[in-house]
Amino acid sequence: MGNIVDVVKKSVAKYNSDATQLLDIIRDVQAELGCVTDDTIAQIANALNLSTVEVEGVVSFYHFFSKKPVGKYSVYLNNSAVAVMMGRGAIAKAFETEVGCSFGNTTSDGNIGLFDTSCIGMNDQEPAAIINDVVFTNLTADTVKSIVADMKAGKEVKAMVSDLGDGKNQSELVKTMVKNNIQQKGEVLFADYEIGSALKKAASMDASALISEVKESNLRGRGGAGFPTGMKWGFCKDAEGEKHYVVCNADEGEPGTFKDRVILTELPEMLFEGMAIGGYAVGAEEGILYLRAEYLYLKEYLEKVIEDLKTKGVLGANAGGKSGFNFDIKIKMGAGAYVCGEESALIESAEGKRGEPRNRPPFPVQKGYMNQPTTVNNVETYCSATQVVLKGASWYAGMGTDQSKGTKLLSVSGDCTKPGIYEIVWGMSIKEMLDMVGAKDTMAVVVGGPSGNIISEAEFGRKICFSDLATGGSMIVIDKSRDLLKIVHNFMDFFVEESCGWCVPCRAGNVLVTNKLEKIMNGNGSETDLNELDEWCSIVKGSSRCGLGQTSPNPIQTTIKNFRPVYEALLQKGVDFVSEFDMEASVQESCKVVGRTPNLGDH
Amino acid sequence: MSDIKFSIDNKECTAKKGQTLTQAAKDNGVYIPTLCDFEGLKPAGTCRICTVSVNGRNMAGCTTPVEEGMKVENSTPVLDGMRKAIVEILFVEGNHFCPSCEKSGNCELQALGYRYQMMVPRFPFSFPIRNIEAAAPNVMIDTNRCIQCLRCVRGVKTSDDKAIFGLVDRGDKANIGIDTAAAATITGDQAQKAMDLCPVGAILKKEVGFIVPIGERKYDKKPIGSEIEG
């Protein structure tokens, strides 16, 4: 107890008893104590003058916080669909055999803990795991063996990384085995640019003219929703508040996306300059980069980039050489929650709370971070804005389709020979994309990740753009050897796990549709079940509060539409109803207690 | 200040600026069903029963401010069907045994079940294992019946305005957590208030029960919503 009191006291003091830093406080405390017990929660609550239930609410909300010990070494192995496709099952088994405990548990000596985790943004190099914030990619049974041996020997985790990735992954402050896998560079994000030049140009303009320029470029949000960036900046600028904020959403959690990881690694200067441009446009002096916990390995490096940009005069006082324009950026860490990719949930999380989406209105541009006008934009959006400002709206709008201008980064993974990052001009067809990435015998493409659209060959002629197949960039290729419904089921498990739990249809409805899907997959489905499944999906989508529940049944609903025969092949024909009740399984427990074998007769 | 004009199911309505759709509807004699909403508490939008279609988009009436010219659809087969489904989802998500519940007849979930003529939920029961928290002297919480509307989270606070109830965990494991030390300070009067705030029988005042017999309670006499519809 004495130890807990001291650790909490130290951490709370480090963050000036500021409850908005609760996530940082919990992270520090857990790093020292190995978990956050009820006693620890009570101490934190007391120190911050919060109720224990508020602190417990936060601890229990985030995947990387734990009330139970997670081990001196905590292994978080990705269990996303592509990880499974790339052999995650065997890797998990190897970990369990070598470590001597099963997933979800910690060894009895408290040394190693094994845990599942949702997509960690490494789909192009799966199977992958995070161990004490260090990323391990392309795992094999052999590498698992040596990692576990190292853990048993007490080796420092960072020292277990031998082969470093490419580019800035090798830089002193990163030193990770993660690879960029940049397969195709395009005209916008990977074009040459001189650091600071775009902000200088932006700051020579009037803020309204700057916003007009961005509006003219038709740049739309790159996180997936596609809201016009210039319009968002305009709303934020015009909203009244004591302060304005610029927030960058670096919480890419959609399974299959990893493009922002590569931007953060290779183009952070362009990103931070874009945020400064946004700051100048909306009248903000403070920028926040909300970084997903999975990318903690980039934090120190990114902070150094921010410092360097201050030295260069791009950030800090008189940023971009503009007298009177001060702009600083700080990094706020997430703690493992997909829903925080939703902008208002992200703001809640940045304020140290549970990452629950807010009811809207008011919108973040009116009342966002600390209830002040806030523009939240995606990593790729800020980078694109930098280039728009530098090279002009008409240059940018000259690329792409009618509604979708410029380029888009795709994160391609799954069954193809060249997974990785592709900067494409909007308007490419899925067929062209499949040729580009070396995909063969493709059965399905998951466009925009699980919350998007799973399409079949009949639709491979469709185009990647907002007016046809919109995407935040996640593209998962599935070939004909795969069991499609297992993948769909994996996606549904993800949504059940990642729902914030606030609204009924998303919290409970996703469970019901997933169970119904299982019923069909187990061969206990009839035509009625399939039709009900489709209807129930519509109920969840039609009544959920935020984008998560409004899209979570998409994996089921789009496959019922595009792959109906896959479902129909599993249905029992000519019957209205099939019971999923399993008498033998149901009496197993009681039979075991009384020591007899089930005698079910001819039921 | 001039009134806002809008319509619900083609009926011309007026509202004051700042009103939510459910409040404005009520003032116009139109019932938009609610469950998590409670007068005087900040709307939460947890239950989604009040989902209406505004200019073709589904929105929760309790969190949507009314605006000039809104065309609201409220009582349509699709929306009423969705509401019925939500009631059914709540019935299978928890353990709701109406005949033995102190709140039977005063329970808003039960009343909505009758209003939407739920015979049996279309969804399989999940029969979850839930806790009963009875350590506090004046109040007990039976989470079997909890629908996580967050009324108690919003409306029941300690004398120094700290939370007693709060949402913990997430997804399908999300549940109402209790600051047990704070709950122990709840007085008998506060317990009664908390019980009245709870739309179901999850929060109960200890040592009293069934003072008004079942059959003579609020919704035993008139269906929910009839007080608005007249």
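Here is a short tour of a few features in chains A and B. Keep in mind that this is a predicted model. In chain A we visit an open sheet of five strands and a pair of packed helices, α10 and α12. For chain B we look at the overall build, with its eight helices and ten strands.

**The sheet in chain A**
- The five strands run in the order β2-β3-β1-β4-β5, with mixed pairing, and the sheet is open.
- At the edges stand β2 (105-106) and β5 (134-136) of chain A; each has a single partner strand, so one side of each has no neighbour in the sheet.
- Helix α6 (residues 88-99) of chain A packs on this sheet, where it touches β1 and β3 (112-117), and its direction makes about 160 degrees with that of β1(A).
- Strands β1 (residues 73-78) and β4 (residues 129-131) of chain A pair in the antiparallel sense over three bridges.
- Within β4(A), Ile131(A) is the residue opposite Val75(A).

**Two helices in chain A**
- Helix α10 (residues 229-238) and helix α12 (residues 268-282) of chain A have axes 8 Å apart and pack at an angle of about 45 degrees, which means that α10(A) is oblique to α12(A).
- From α10(A), Trp233(A), Cys236(A) and Lys237(A) meet Gly278(A), Ala281(A) and Val282(A) of α12(A).
- The residues of this contact divide into four nonpolar, one polar and one charged.

**The build of chain B**
- The C-alpha trace of chain B spans about 50 × 45 × 35 Å along its principal axes.
- Of the 230 residues of chain B, 47% count as buried.
- Among contacts in chain B with a separation of 6 or more, 64% come from residues 24 or more positions apart.

How values were computed: Residues are numbered from 1 along each chain as its sequence is written. Chains are lettered from A and ligands numbered from 1 in the order in which they are written. This is a predicted model: local features need pLDDT of at least 70, side-chain atom pairs count only at pLDDT 80 or more; totals for chains, interfaces and linings use all residues. Axes are lines fitted to C-alpha atoms, for helices over the stretch in contact, and angles run from 0 to 180 degrees between N-to-C directions. Helices (H or I, at least four residues) and strands (E, at least two) are DSSP runs, numbered from the N terminus. Angles under 35 degrees count as roughly parallel, over 145 as roughly antiparallel, 65 to 115 as roughly perpendicular and the rest as oblique. Two residues are in contact if their C-beta atoms, placed from the backbone, lie within 7 Å. Ala, Val, Leu, Ile, Met, Phe, Trp, Tyr, Cys and Pro count as nonpolar, Asp, Glu, Lys and Arg as charged, and the others, Gly among them, as polar. A residue is buried if 20 or more other C-beta atoms lie within 10 Å of its own, exposed if 12 or fewer, and partly exposed in between; C-beta atoms are placed from the backbone. Two strands pair if DSSP finds at least two bridges between them.
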